[in-house]
Amino acid sequence: MGEYECIQGTSVRIRELEIVPGTALDLSAIVPRYDIGVNGRIVSDSQGQLVFQNEPERPLRLRGFNCTYGGKYDGFQNASKEELEELAEQFRLMGLNLVRLHFFDAKFVGLSGLKWWEYRDSLAEDLMPQTKEEIDAIVDRDFLDRYHWFVKCLRDRGVYIMFDVATSPNKIMARAKKSRAPTRIGLFLDERWRKLWKASFDFWTQTINPYTGTRFLDDPQVIGMTFCNEQDWIFFSDQELAMFTTDFRKEFGEDMPELSRRLLWEDGKVSENARLFFRRRLKEMTDFYLGVVKASGFKGLTTQWDMLKTPLGAESHIGLSAVATHSYHAHPKFSVPLPDGVENERILEPWNKGKCTEVPFGSSLAENKRTYFANAALARTLGKPFLVTEYSHIPANDCAQEAPVVQSAIAALQDWQALCPHSDLVQLWHYDPYPFFDESRNLMARVSSVATAFGWQRGDIKRASHAVSLSMTEDVLTSPALSGSLETAYVNLAFVTRVGVDAENAHNPLAILDIVPMREADAGKEEPLANDIQTATQRKSHGTTNLLGETVVRRLREAGVMPSGNCTDPKRGIYESETGEIVTDLRSETMTIDTPRFQAAALKPGQTSRLSRLAVESVSIPASILAISLDSDQCVSCASRVLMIVATRFMQEGAIVSEGGEKMLFIDNGPTYTQLMRTGKFRFSIETEAKKAPEVYALRMNGTRSFKIPVDIKDGRLVFDLDTSKFEYATPFFEIVKQ
């Protein structure tokens, strides 16, 4: 990459991050370019897969990201129409066919980065629009025009759209900047907020795009919507929960205490009333949203409650046509006080001056932890489309190199329908020097996106042919252990077979096995559901005994989910997919994928892996090594071109890292765009049918070939012995070209 200067308030276009057509990283050839006008609306079939209305026999997988364009420095609000078209073209070249419009509700009315000064400090000083016409009167016309043109550019390239009617936690389409008005709570309690939400819905769906001549209400480019982003009450603070107390007492008696987080998880009748109260509020809120949508005639997918995992999430998704969820590994904590004696002269983000960012240590494949992508699987209801509308393995985490393997494996095995990492994976203009999510400067996000394009989207990794449903009975839903999650024994099933939850059907029609979940402490009892779940107040770790895991896996074997020879053994922390392609070892924190076109291993120093075509003898640092056929009809060994990935850890030059305990503190000591990649020594080989050594090129991040790297051919294998510290510059991507 070239040298780029970071200047406050100025964004920079970095050409070296833009995919060049025809290169190994041009994924447009492996992802069909859909004709939105011809294919008709995307709908769900009886299996919960997305299909075209006019071509129902063709299951679809939609890959994209959360789009938050229009910030103060990201360049969107200053771009010409030609540049916006170039931006949309990068979507096509990266093989993307979905975008989730995120925070656009606030930007429509002025928060586009340029007109922040027009905002009022509170809702009392500003309009709280109650009709579409009132929103029309305050809309930011320049931003709206850019948005409409950009949607048209995406349409021309076969890119579909999902949107949040309300994203901002305190705004929707009002212009109060500092009010911290509780939108997500106001929608539960205040008719004015509901009228504002309906006005926003009407604006989204009824405004005509002058460049396409369509409105979102009728446009097949729009696959669906989320009613209100992350409105889930289990994350409300005590102060926010207390706002529900008046209604709680009206329903259950004036002697009820003030609502609080502690009250929700305690034992006893009062806490049971509190949980029941919020279960009813979720249903009533969902019914309101669905009523507005039904009256409008909108035919797209509807989602809500995207931060709820089981068991409560299963009940809250009844009535919705699709399930969406958000899942993060090592989510950062911002604005943490600096350690004693440390200063921070952060330039680009003055709000963080004197503060730092905290990121947890640890693998996403650790035993007795809630592996983030496997945990996401427990939000799904079998038979409904499942959309992962936010996720990220935080790049500052010390095990970020696992992401390309983990995300490809689980998404494919589970047969999910959409993947949208958070956020802005594609950008032309760059501004913030340290990416904490899947922004374009998070180069591991680029690696993960490429991996999922092949492993999941192209279909290199098989879906599980069976499915297991976890039945959310009333006993489970009323339990004081209800916290939106289940024991890790159920989470770990996602490494073996397709899983989902169901609060509506005792037997899910797509499941070969229905299981009523229990606690680890009850696993040795004869009854499938021990009665004393009613008195459980907490779950506890049981080390390596994992009796519940053994019980559940035994039931899978008895049901014929796992073939003979499957090596799954919860006592050892080992899980093999029913397809035989994926092996996860939670004890050693490794995962391998072995398919004809996709070979991958996520390893730590001292670990080795022998797959059918890829053999890794040694890695000096934590790394994921992948070999992917670029020929869709050829395996890795016989393909004329192979994409090889050696993924390690990226870091921003100038970042100061303070490591201690189970977390890291990131202290940005000034802006820079320079990306660093951890180097190491790697010895591995790939089976080949080639008779002479192929040419192997290190690739730039735009896909173009740079320098050659050495490779030997011995006994039908390409042998690599790499010391990447000796390279001209670092890269995770390599192209093998058969001569």
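This is a predicted model: local features need pLDDT of at least 70, side-chain atom pairs count only at pLDDT 80 or more; totals for chains, interfaces and linings use all residues.
Student: What relative accessible area does Asn368 have?
Tutor: Residues are numbered from 1 along each chain as its sequence is written, and side-chain values use heavy atoms, leaving out hydrogens and water. Asn368 sits in the loop between strand E14 (355-360) and helix H13 (372-376); helices (H or I, at least four residues) and strands (E, at least two) are DSSP runs numbered from the N terminus. Buried means under 20% relative accessible area, exposed over 50% and partly exposed in between (1.4 Å probe, protein chains only), and Asn368 is partly exposed, at 38%.

Student: What is the phi of Ser335, which is not a glycine?
Tutor: Ser335 belongs to strand E13 (residues 333-337) and counts as partly exposed, at 30% relative accessibility. Although Ser335 is not a glycine, its phi is positive, at about 55°.

Student: Is Ser629 buried or exposed?
Tutor: Ser629 lies in strand E27 (residues 623-629). Leaving aside residues up to four places away in sequence, its contacts (heavy atoms within 4.5 Å) include Phe454, Arg458, Cys635 and Arg641. Its relative accessibility is 0%, so Ser629 counts as buried.

Student: Which residue is joined to His422 by a cis peptide bond?
Tutor: Look in the loop between strand E16 (418-419) and strand E17 (429-430), where Ser423 is found. The omega of the cis bond is about 5°, and the partner of His422 is Ser423.

Student: Which residues have the most contacts inside the largest nonpolar core?
Tutor: A nonpolar core is a set of buried Ala, Val, Leu, Ile, Met, Phe, Trp, Tyr and Cys residues joined through side-chain atoms within 4.5 Å. Trp416 touches residues including Phe373, Phe386, Ile410 and Trp456, not counting residues up to four places away in sequence. The largest core has 171 residues, and those with the most contacts inside it are Phe91 and Trp416.

Student: What average pLDDT does the protein have, and where is it below 50?
Tutor: At least 70 is scored by 91% of the residues. The protein averages a pLDDT of 89, while pLDDT is below 50 over residues 526-544.

Methods
pLDDT is the predictor's confidence in each residue, from 0 to 100.
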